[in-house]
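Have a look at the model first.

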Amino acid sequence: MLHQALNRSAAGPMVPLIVMPDSADDPREWFDRVAAAAEAALAYPVMLIGPDLSDPQAMEDWPTTFAKLGAEHDLAERGLVLGHGAGARLAQYFALEHPQSVRACAALSADAWASVDDVQGVASLGSVRWLIGCGTQASAGAMRRAEVFQIELAEAGCAVDFLDWDGDETALPEHAIQNTMHFFADLTGDLRQAA
């Protein structure tokens with residue numbers, strides 16, 4: 001598991017930001033792209049966490065790993081989740097299954113979109129802010145499924161924004177990552193209140 005503390009000199013609790021890559025092959029490039037954007041855009045301290053997705057059983061160890069990082073770095077109780085491609089699918093399900101631990105989730109070009117119908121306890125989702133993103137050149141079906149998920153979240157009482165960009169789902173442009181960091185930056189007041 002990759003992890004890196006960013007913006008340590010900023011005031012406030014350290015906010016966990018879990019970044020889930022589009023594949024298990026090499027998460028380092030994705031992690032580094034997000035780290036650079038987060039450091040530039042976020043005005044609060046962040047613990048960037050890149051889970052190891054190469055071992056499907058590794059997710060079972062996440063709670064222990066997060067608890068250890070929390071004890072070492074005084075992490076805020078609720079964090080941020082960002083995923084692209086297969087990582088966006090995982091990010092959605094992580095946020096849907098653990099809304100009490102997630103302040104906001106950004107799912108970009110998911111290889112599969114979730115459904116609120118799959119969630120028990122939909123009422124607790126209302127406290128999670130969402131950013132759903134998709135390239136405008138993605139297949140019509142992919143764009144439609146992203147829009148349906150956005151609508152389902154809004155109907156469940158979630159604040160949800162939609163981000164689109166020129167291109168397809170395979171290559172995430174730098175400005176999409178920067179816009180995602182601006183979405184997270186706008187949560188500064190919420191994150192300080194939740195600490």
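Which strands does helix 3 lie across, and at about what angle does helix 3 run to strand 4? Helix 3 (residues 86–97) lies across strand 2, strand 4, strand 5 and strand 6 (129–135), and runs at about 150° to strand 4. Helices (H or I, at least four residues) and strands (E, at least two) are DSSP runs numbered from the N terminus; axes are lines fitted to C-alpha atoms, for helices over the stretch in contact, with angles from 0 to 180 degrees between N-to-C directions; contact means heavy atoms within 4.5 Å.

A word on the model: it is predicted, so local features need pLDDT of at least 70 and side-chain atom pairs count only at pLDDT 80 or more, while totals for chains, interfaces and linings use all residues. Residues are numbered from 1 along each chain as its sequence is written, and side-chain values use heavy atoms, leaving out hydrogens and water.

Seven strands form an open sheet in the order 1-3-2-4-5-6-7, with mixed pairing (two strands pair if DSSP finds at least two bridges between them). Strand 1 (2–6) and strand 7 (160–165) are the edge strands, each pairing on one side only. On average, neighbouring strands of this sheet are turned by 15° against each other, direction ignored. Strand 4 (residues 79–84) and strand 5 (residues 102–108) run parallel and are joined by six bridges; Gly83 has Ala107 in strand 5 as its bridge partner. Helix 1 (residues 27–41) also packs on the sheet, touching strand 1, strand 2 (15–20), strand 3 (46–50) and strand 4, and its direction makes about 10° with that of strand 1.
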